[in-house]
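Look over the sequence and the fold before reading on.

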Amino acid sequence: MGNIQHHCPGINNDLLELDRPGAIYLPNDTISGSVLYTKKTNASILLTGIIYFKKRKKKTLEKCQIKFFSTEFNLNSSLKIKQNFKLHLDNHLPPSFNDINTYPNITYSINLIIYKKSKDEILSSIPISVCPHVYLDRPLLLTPLFFGPIENHISGIKLEVKINRAIFTFNDTIQIFYEIQNPNQQHIYNIQISLGIYYVIESNVWQEDVCNGAENFNNITSNNKLIRNKALLNIPNKIYLPPTFKFQYRPENDPSSFNLEIDYKIHFKVYLENMENLWQVDVPIIICNDTIEQTENIEEENNDEAENVEEEINNKTENVEEEIDNKIVNVEEEINNKTKNVEEEKNNKIENFEEESNNKTENIEENNNKIENIEEENNNKTEIISQSFNVNTNIYENKEI
């Protein structure tokens with residue numbers, strides 16, 4: 001169910017004892033214990049659940065606390081011996097996480113309270129851990145998670161991820177296979193993979209890294225068109241982590257309310273050119289607090305699955321490279337065809353121009369011949385007219401004689 005963080009000891013704990021000290025309680029559980037209270041003042045055992053967080057108010061952060069759960073057991077002040085008590089948790093409660101000095105946090109505590117006229121006083125307090133049971137969808141445990149492709153529109157880089165499962169438990173190992181397509185051959189300076197937890201309370205977000213990935217960086221610093229790699233993320237089990245969870249508190253006739261979301265995301269941080277140019281992609285996963293007892297068959301199936309994923313990535317890589325080569329060949333062939341068509345069109349135009357020029361030259365020669373014929377015809381006509389004039393002149397002269 002995940003480890004529970006050790007809380008600070010309570011106040012005057014010798015007065016108050018639990019039957020199951022240090023236990024992890026589930027919602028709907030009953031908490032039992034005993035208390036030695038010898039004073040005559042009215043007192044009770046009060047179990048509370050309080051969330052502490054900070055929210056933005058104008059330009060500052062305001063500290064907030066909301067008590068979302070409480071139940072009480074009244075003590076008999078006339079008894080001078082140990083009294084037993086039982087307190088019942090509600091069915092739907094959020095998990096306790098972080099300590100009281102860390103924001104945000106959810107803290108459950110059992111308190112011995114004495115009631116005074118001026119102010120109630122906590123005489124003794126014991127923090128407890130509450131962790132709701134998240135039931136697993138067993139088929140999803142063996143179902144790989146596919147994510148992407150996600151494209152960076154500035155660089156043209158695409159990221160595609162395959163994870164061995166969609167749901168994990170604490171102390172599990174996340175197997176990650178990823179592929180980066182880099183058609184523009186941008187320089188990839190570095191890639192970092194980590195697991196982060198997100199707390200979202202009333203639109204206020206807190207995030208912290210849980211663990212970093214272990215992977216082979218040999219092929220990372222590269223400007224290859226295709227990069228494929230695998231990484232491992234070991235979910236820690238030595239510190240307390242809450243499961244993936246959603247909770248809504250909306251009491252009637254009470255202005256205090258909040259929404260809580262606890263999410264886990266795998267961060268892919270791709271640095272282009274240098275460590276200042278960051279492209280980050282987040283892949284959401286689910287972490288629950290159940291235990292998985294793997295048999296040998298399941299382990300073999302997981303190993304086969306990992307081999308199948310790697311083989312699938314290799315096949316996909318070959319297909320992408322073949323597709324790129326085919327596109328290059330097609331582009332070159334198209335360019336050659338266009339060049340050939342342009343040259344043929346150019347030659348045809350030159351031939352048409354020469355033929356047109358020859359035709360025009362022939363027409364000019366034909367016109368010159370016509371002009372010569374007209375001139376010759378005119379000369380003949382002139383000669384005939386001249387001869388006719390001479391004949392007429394002779395006739396006239398003879399008549400005079």
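This is a predicted model: local features need pLDDT of at least 70, side-chain atom pairs count only at pLDDT 80 or more; totals for chains, interfaces and linings use all residues.

The chain has 401 residues, and 36% of them count as buried. Its secondary structure comes to 2 helices and 19 strands. Among contacts in the chain with a separation of 6 or more, 66% are between residues 24 or more positions apart.

**The five-stranded sheet**

- An open sheet is built from 5 strands, in the order β2-β8-β7-β4-β5. Its pairing is mixed.
- β2 (24-25) and β5 (60-74) stand at the edges. Each has a single partner strand, so one side of each is left without a neighbour in the sheet.
- Inside this order, strand β4 (residues 43-57) and strand β7 (residues 105-114) run antiparallel. They are joined by 10 bridges.
- Opposite I50 stands T107 in β7.
- As background, strands of a sheet pair through backbone hydrogen bonds, either parallel or antiparallel.

**The three-stranded sheet**

- Another open sheet has 3 strands in the order β1-β3-β6. Here the pairing is antiparallel.
- The edges are β1 and β6. Each of the two has a single partner strand, so one of its sides lacks a neighbour in the sheet.
- On average, neighbouring strands of this sheet are turned by 30° against each other, direction ignored.
- β1 pairs with strand β3 (residues 30-36) over 3 bridges, in the antiparallel sense.
- L18 has G33 in β3 as its bridge partner.

**The β17-β18 pair**

- β17 and β18 run antiparallel and are joined by 5 bridges.
- Y249 has F258 in β18 as its bridge partner.

**Salt bridges**

- How many salt bridges are there? The count comes to 3.
- K82 forms a salt bridge with E17, and the closest N and O atoms are 3.2 Å apart. K82 lies in strand β6 (residues 82-88) and E17 in strand β1 (residues 16-18), so the pair ties together parts that are 65 residues apart in sequence.
- K82 has 47% relative accessibility, so it counts as partly exposed. E17 also counts as partly exposed, at 38%.
- D172 and R165 meet through their side chains in a salt bridge, at 2.6 Å from N to O. Are these residues buried or exposed? D172 is buried, and so is R165.
- E202 and R250 form a salt bridge through their side chains, at 3.9 Å from N to O. E202 lies in the loop between β13 (188-201) and β14 (204-212), and R250 in the loop between β17 (245-249) and β18 (258-272), so the pair ties together parts that are 48 residues apart in sequence.
- E202 is partly exposed, with a relative accessible area of 34%. R250 is partly exposed too, at 44%.

**Cysteines**

- A disulfide is a covalent bond between the sulfur atoms of two cysteines. A search of the whole structure finds 0 disulfides.
- C131 has a relative accessible area of 0% and is buried.
- C211 counts as buried, at 12% relative accessibility.

- Where does N98 lie? N98 is in the loop between β6 and β7.
- N98 has a relative accessible area of 11%, so it is buried.
- The N98 side chain reaches the backbone oxygen of P104 at 2.8 Å.

Key
Residues are numbered from 1 along each chain as its sequence is written. Side-chain values use heavy atoms; hydrogens and water are left out. Two strands pair if DSSP finds at least two bridges between them. Helices (H or I, at least four residues) and strands (E, at least two) are DSSP runs, numbered from the N terminus. A salt bridge is a side-chain nitrogen of Lys or Arg within 4 Å of a carboxyl oxygen of Asp or Glu. Buried means under 20% relative accessible area, exposed over 50%, partly exposed in between (1.4 Å probe, protein chains only). Axes are lines fitted to C-alpha atoms, for helices over the stretch in contact, and angles run from 0 to 180 degrees between N-to-C directions. A disulfide is a pair of cysteine sulfur atoms within 2.5 Å. A polar contact is a pair of N or O atoms within 3.5 Å; within protein, one must be able to donate a hydrogen and the other to accept it, and residues adjacent in sequence count only if both atoms are side-chain atoms. Contact means heavy atoms within 4.5 Å.
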